[in-house]
Amino acid sequence: MSPNKKNITILSITLGSGGAEKVISLLLKELKKDYNVTLVIFYRDIHFPIPEDVNLKVFSSSKSIRPFLLKVYDSVRFVFKYLRFVRKNNIDISISFLAFPNLINGFVSMFNSHVKTIISERGYPSDNTTSKTSHLISKVFYPILYNKCDKLFSNSIHINNDLKDNFGVRIPMEVIYNPIEMPDKTVESSLLTKVTDKLEIITAGSLIIRKNQIMVIRAIKESNLNYNFLILGGGELENYLNDQISTLDLVDSVTLKGVVKDVNSYFVKSQCFILSSFTEGFPNALLEAMASGLPCISTNCLSGPLELLNENEPISIENGDFYVGKYGVLVNNDDHIGLSKALDYLHNNPQERERFSQLSLKRSKTYSLEQVYAKFKHFIQD
């Protein structure tokens, strides 16, 4: 550790395969150049690489299924462990990602006034607090503990507005979009412009209700055209999706690939990317697909797709229809008929696939790691 650099921690639940964890992994590559960095995670779940020269502190070996009272005990234990860690290691800046680490950072601020505490909200809060327990916790503790911290950044203006309007958060806020490393390889123009009987389409994300992959499966069934649909990711809905694929007689058209390490290697073999989510914080998979040069179709969900595909300019989409935006195509939430029409539009128009491929590449460069980190560094130093 350099005595000339400030000590900084990044606090997260895990470094698993989620979007927030991907952002952390990328930011660590740049942060280590300017700070003595320690990544602190509650559970040893590590999917993304941790750069050399970044210290790692893990509080628990595994995130096993535990009764509610033991989960509460773990939560309290993590608060005290992190407070001790911050004091013992003379931390100057503590940055947390996601709700529970953010709440812990509020305690850090209360008992360590010299530590700059910065929190990051990664999902749309009103949609992430659907259970009665989580809703009660957020309504009570967000205004208390979030407001103890120095600053907050999220990846969408809609998230910040929701925190202000519905959760009483009043600390300074900034929008810092997710960074991306531009891939070495992008989809070839010849693949995009190829006239084909079966269009190769792809999505990536956890198999959970919020990602709504069943919408794409139903859209394929609705269409009279042919598709090969590859789903990257794993999760609790795997058996349900497999059952639906069989029931709808789409075994030859839809494949569940599971969790993969190198998503880009699958993107560059595809001709169109689909995001079907009910809600997002900021969709990493959509941005990564754009950086791979894929034309993209997305639900117009909160938050992120409208910002990426239409520069956040408001639009209106008729039910059962789609909207051709500045950088991609948008459909309404859970509207498989509109999605089916959007898919057919790109299927029948190779020249549009090529046009949106070039627009995807242009748009994604705005979110390069170098540009985003420059803004992030200024934010935490200011």
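Two strands count as paired if DSSP finds at least two bridges between them. Helices (H or I, at least four residues) and strands (E, at least two) are DSSP runs, numbered from the N terminus. What you have on screen is a predicted model, where local features need pLDDT of at least 70 and side-chain atom pairs count only at pLDDT 80 or more, while totals for chains, interfaces and linings use all residues. Residues are numbered from 1 along each chain as its sequence is written, and side-chain values use heavy atoms, with hydrogens and water left out.

**Stop 1: strand β12**

Select residues 296-299, which make up strand β12. On one side, β12 pairs with strand β14 (residues 329-331) in the parallel sense, over three bridges. Click Ser298 and look for Leu330, its bridge partner in β14. β12 is also joined to strand β11 (residues 272-275), again parallel and with three bridges. There, Leu275 stands opposite Ser298. Follow the chain from β11 through α10 to β12 and you trace a right-handed β-α-β crossover (with the strands pointing away from the viewer, the path from the first strand over the helix to the second runs clockwise).

Now show the side chains. Which residues of β12 point one way, and which the other? Cys296 and Ser298 go one way, Ile297 and Thr299 go the other, and all are buried (under 20% relative accessible area, with exposed over 50% and partly exposed in between, using a 1.4 Å probe and protein chains only). In a regular strand the side chains alternate between the two faces of the sheet.

**Stop 2: helix α10**

Next, select residues 284-291, helix α10. Eight of its eight residues are buried, so α10 is largely enclosed by the rest of the structure. Among them are Asn284 and Glu288. Just after the helix, Gly293 takes a positive phi of about 90°.

Leu287, Met290 and Ala291 of α10 meet Ser360, Leu361, Arg363 and Ser364 of α13 (contact means heavy atoms within 4.5 Å).

**Stop 3: the seven-stranded sheet**

Now move to the open sheet, where seven strands line up as β3-β2-β1-β4-β5-β6-β7 with parallel pairing. Its edge strands are β3 and β7 (173-175), each pairing on one side only. From one strand to the next, the twist averages 20°. Helix α5 (residues 157-167) packs on the sheet, touching β5, β6 (151-154) and β7, and its direction makes about 160° with that of β7.

Zoom in on strand β2, residues 36-43. Why is β2 described as largely enclosed by the rest of the structure? Because eight of its eight residues are buried. Six bridges join β2 to strand β1 (residues 7-12), in parallel, with Ile10 opposite Leu39. The chain gets from β1 to β2 through helix α1 (residues 19-34), in a right-handed β-α-β crossover. Five bridges link β2 to strand β3 (residues 55-60), also parallel, and here Thr38 stands opposite Asn55.

Finish with strands β4 (residues 93-97) and β5 (residues 116-121), paired in parallel over five bridges. Click Ile95 and find its bridge partner in β5, Ile118.

How values were computed: Axes are lines fitted to C-alpha atoms, for helices over the stretch in contact, and angles run from 0 to 180 degrees between N-to-C directions.
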